[in-house]
Amino acid sequence: MDLSRVQARRIALAAQGFCDPTHAVPTLRTLRRTVERTGVLQVDSVNVLARAHLMPLYARMGPYDTDLLRRACQPDARRPRMLVEYWAHVQALMPVELWPLLAHRMEAYRERRGKWGAVEERPGLDADVLSVVRERGPVTARDLEDEIGGAARTREHWGWNWSEARKMLDFLYASGQVAIAGRTPTFEVVYDLPERVLPRAVLEAPVPTPEEASVELVRRAARSHGIATARCLADYYRMRLRPGATDGGLAAGPAIEALVEAGELVPVRVEGWQRPAYLHRDARRPRRVAARTLLSPFDPLVWERERTEQLFGFHYRIEIYVPAAQRVHGYYVLPFLLGDELVARVDLKADRATARLLVQAAYAEPGAPATTAAELARELHRMARWLGLDEVVVVPRGDLAPGLAAELALDG
């Protein structure tokens, strides 16, 4: 079967939930439907606009009460926990039922004894920390720093200057011996025993073989992608194409072959793609997509940059870690999805002290429609209201900035 790039793009957008009917007031049911489309919500500490895991829900559901996500991550008397954090794509919120599917990954981390050597440097400390968590209940790394000792976190080398307590808890988390119970208001991770975090039914569910788990993970990746190469299917849950010791035997290649044989995946050729592709048999093939939203750099639709370029002709690189003088488009740049195309990109910042949404740069893509500035202005007003900001301010940087400023002035 041959598909055009436009057809593939629309299939991908539908699979990600951009063709779902909107709800005037999103509910937990809306959130559940959305997470069924995305599979996971990547978690990241950058908060220049909004936390990474909040944005994909906004892009698909529109303005929503972020307390819905808190409720999905916290059990109550009426419903069990819906989502939990684990290393699914990367650090991500995922449906709790994925926990048994990733048990082999957890076991592989346990056998590797951690990623930073902290476990080997202090033998027995992992068992001591686990005992403290068992006795004390939910804890942060900061809660344990004095007891554990060792090097505390410093202000140097931002991002990975973890304390000994943080490294040890991360090992226990990666290996499934503790789970993430939540986050503090300052985004610190709160750890607890899995049996105090996850529903009993999840913990008592049988653990599938690596082959069975691989098939289910690829099946979910294929549903979320709609259409994808083998490389993209493997990347969705960060699997290898072939079995390896570092991921507990999880492998996408044999799983793809099994799903093709079962008829769930259909081999196809896509215009302009160099690699073979696979279409999920249940993927929607819409004739039209009427989206209008901004996408986080960590949105599943665009996180695999080669796929983004193949689908949309959109060259996208995150520049957070690039020195300011060398940035091309800005620090926190969001693609603007209009219809079924990425037509612009904007560097955004929520200036919470002044209640302003700052557009620090705005660029149109080649061939962007004449309505781009007007449609983007509408979307920025919508986002500002969702973030509780009163005003949108455009810095005169980028070819789209003058037109965007003019449209915002008209709307204002």
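Predicted model: local features only at pLDDT ≥ 70, side-chain atom pairs only at ≥ 80, totals over all residues.
The largest nonpolar core comprises 60 residues. Within this core, the residues with the most contacts are Met-94, Trp-99, Leu-233 and Tyr-237. Helix α9, spanning residues 164-174, supplies 7 residues, the largest share of the core. The contacts of Leu-233, when residues up to four places away in sequence are not counted, are with Val-218, Ala-221, Ala-222, His-225, Ala-228, Ile-256, Leu-265 and Tyr-278.

An open sheet is formed by 3 strands, arranged in the order β2-β4-β3 with antiparallel pairing. Strands β2 (41-42) and β3 (83-87) are the edge strands, each pairing on one side only. Strand β4 covers residues 91-95 and is joined to β3 by 5 bridges, the two running antiparallel. In this pairing, Trp-87 is positioned opposite Gln-91 of β4.

Asp-351 belongs to strand β12, which extends over residues 341-351. Asp-351 is classed as buried because its relative accessible area, 17%, falls under the 20% cut-off. The side chain of Asp-351 makes a polar contact of 3.1 Å with the side chain of Thr-354. When neighbours within four places in sequence are left aside, Asp-351 is in contact with Arg-356, Leu-358 and Leu-389.

Conventions
Residues numbered from 1 in each chain as written. Heavy atoms only, no water. Core = buried A, V, L, I, M, F, W, Y, C linked by side-chain atoms within 4.5 Å. Buried < 20%, exposed > 50% of the residue type's maximum accessible area, 1.4 Å probe, protein only. Helix = DSSP H or I, 4+ residues; strand = E, 2+ residues; numbered from the N terminus. Contact = heavy atoms within 4.5 Å. Polar contact = N/O pair within 3.5 Å; in protein donor to acceptor, adjacent residues only side chain to side chain. Pairing = 2+ DSSP bridges.
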